[in-house]
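Subject: Structure handover

Hello,

Here is the structure for you to look through. My notes on what was found follow below it.

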Amino acid sequence: MSQQHRSRPLGSSVALSEAYDTALLDLDGVVYAGGHAIVHAVESLGTARAGGMHLAYVTNNALRTPDAVAEHLTELGVPAEPADVITSAQAVARLMADQLPSGARVLVVGGEGLRVALRERGLVPVESADDDPVAVAQGFGGPDLAWGRFAEAAYAISRGAEWFASNTDLTIPGARGIAPGNGAAVEVVRIATGAEPQVAGKPLPPMHRETVLRTGAERPLVVGDRLDTDIEGAFNGGVDSLLVLTGVTDAAQLIAAGPEHRPTYVDRDLRGLLTGQPEVSEEDGRFRCGGWTAEVRADALVLDGEGDGIDGLRALCAAAWTHAGDGSCALDADKAVTGLAL
């Protein structure tokens with residue numbers, strides 16, 4: 001089934017870790033939240049890796065360097081090398097290096113990960129609009145990023161500097177909840193300047209290009225928690241995806257998803273890498289998965305049955321996505337998802 005016309009989550013007769021050679025894993029909301037591993041992540045990734053699956057960590061968070069991310073993963077119990085980590089800082093640095101001369105000065109609004117990535121591409125990070133930068137690179141700077149950095153970016157852009165952003169995720173999950181992401185910071189600069197940045201991160205092609213170049217994956221599976229970055233990025237790259245429900249996406253958002261936001265597979269967490277995926281069957285407009293049946297009745301989604309709640313969600317997605325076709329499903333799903341233990 002094509003990416004463009006997916007009408008239901010697909011099944012797999014073998015574990016996903018066997019069906020695909022490389023997992024392209026998002027980090028925040030998938031592997032960890034803040035400083036802590038997400039439940040079942042460490043053991044699931046260890047088992048997948050031991051079985052021969054290559055694990056690559058693909059993050060829109062430009063704050064930390066690949067070395068720091070790999071060290072953090074290893075501390076959590078997920079052995080990783082810096083080469084296993086691909087960041088939006090690396091993607092935006094390559095995008096900028098393709099357009100700017102070697103040695104060009106770049107005003108940095110972000111963290112060390114962005115500075116390191118720019119230096120690797122022969123660009124020179126600077127700190128002030130008065131340093132005559134030819135471009136501005138903006139990436140997530142964490143809670144300690146000073147408000148004055150946005151002013152420096154606005155001054156430089158108003159003087160003619162090109163503006164690049166690592167990503168535009170509006171939010172980022174953390175140990176205490178959902179916090180503003182780099183996209184919120186980008187909006188601050190956009191309001192001040194009226195300008196539009198070139199963006200590198202998921203779901204846009206520069207990030208997919210960077211990932212392919214660095215991993216060499218032949219049968220990749222994108223694994224993420226966000227519809228508008230991870231799943232849309234897989235859609236844009238023409239590769240399969242697994243959505244896990246450990247981050248920002250909830251059942252109602254998934255059910256309402258338009259074609260570009262519909263994952264190939266759906267599971268609670270990273271244990272989904274280690275199992276096959278059940279088929280969703282259809283007969284006379286009724287969609288079955290496990291012990292559940294979903295259908296559209298009187299402009300509402302209706303779910304009947306019992307069993308594993310994730311199978312009920314898969315059935316609901318099939319009913320909703322088929323009903324919506326190439327659009328987003330506007331049917332009320334609240335009652336249908338009530339009682340699913342997700």
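A definition to begin with: buried means under 20% relative accessible area, exposed over 50%, and partly exposed in between, with a 1.4 Å probe and protein chains only. This is a predicted model, in which local features need pLDDT of at least 70 and side-chain atom pairs count only at pLDDT 80 or more, while totals for chains, interfaces and linings use all residues. Residues are numbered from 1 along each chain as its sequence is written, and side-chain values use heavy atoms, leaving out hydrogens and water. Helices (H or I, at least four residues) and strands (E, at least two) are DSSP runs, numbered from the N terminus.

**Helix α4**

α4 is mostly covered, with 9 of its 10 residues buried. They are S88, A89, Q90, A91, V92, A93, R94, L95 and M96.

Take S88. Its relative accessibility is 0%, so S88 counts as buried. Its side chain reaches the backbone oxygen of N60 at 2.6 Å. Contact in general means heavy atoms within 4.5 Å. Leaving aside residues up to four places away in sequence, S88 touches T59, N60, N61, A62, S166, N167, G201 and M207.

**α4 against α5**

The axes of α4 (residues 88–97) and α5 (residues 112–120) come within 8 Å and cross at roughly 40°. Axes are lines fitted to C-alpha atoms, for helices over the stretch in contact, and angles run from 0 to 180 degrees between N-to-C directions. From α4, the contact uses A89, Q90, V92, A93 and M96; from α5, G113, L114, A117 and L118. These residues divide into 7 nonpolar, 2 polar and no charged. Here Ala, Val, Leu, Ile, Met, Phe, Trp, Tyr, Cys and Pro count as nonpolar, Asp, Glu, Lys and Arg as charged, and the others, Gly among them, as polar.

**Helix α9**

In α9 (residues 227–237), the buried residues are L227, T229, D230, I231, G233, A234 and F235. Their cover includes β13 (220–224), β14 (240–244) and α10 (251–255). Just after α9, G238 takes a positive phi of about 70°.

**Aromatic pairs**

There are 2 aromatic pairs. Rings of Phe, Tyr and Trp (its six-membered ring) pair if their centres lie within 6.5 Å; planes under 30 degrees apart count as stacked, over 60 as edge-to-face and the rest as tilted.

Y20 and Y265 are edge-to-face, at 6.2 Å centre to centre and 75° between the planes. Y20 sits in the loop between α1 (16–19) and β1 (22–25) and Y265 in strand β15 (residues 265–267), so the pair ties together parts 245 residues apart in sequence. Y20 is buried at 9%, and Y265 is buried at 5%.

W147 and F150 have ring centres 5.2 Å apart and planes at 85°, so this pair is edge-to-face. W147 is exposed at 62%, whereas F150 is buried at 11%.

**Backbone points to check**

Most residues other than glycine have a negative phi, and most peptide bonds are trans.

- The K202 to P203 peptide bond is cis, with omega near 15°. P203 is in the loop between β12 (198–199) and α8 (205–215).
- D284 has a positive phi, near 55°. D284 is exposed, with a relative accessible area of 71%.
- A298 has a positive phi of about 50°. A298 is exposed, with a relative accessible area of 78%.

Best wishes

Terms used. Polar contact = N/O pair within 3.5 Å; in protein donor to acceptor, adjacent residues only side chain to side chain.
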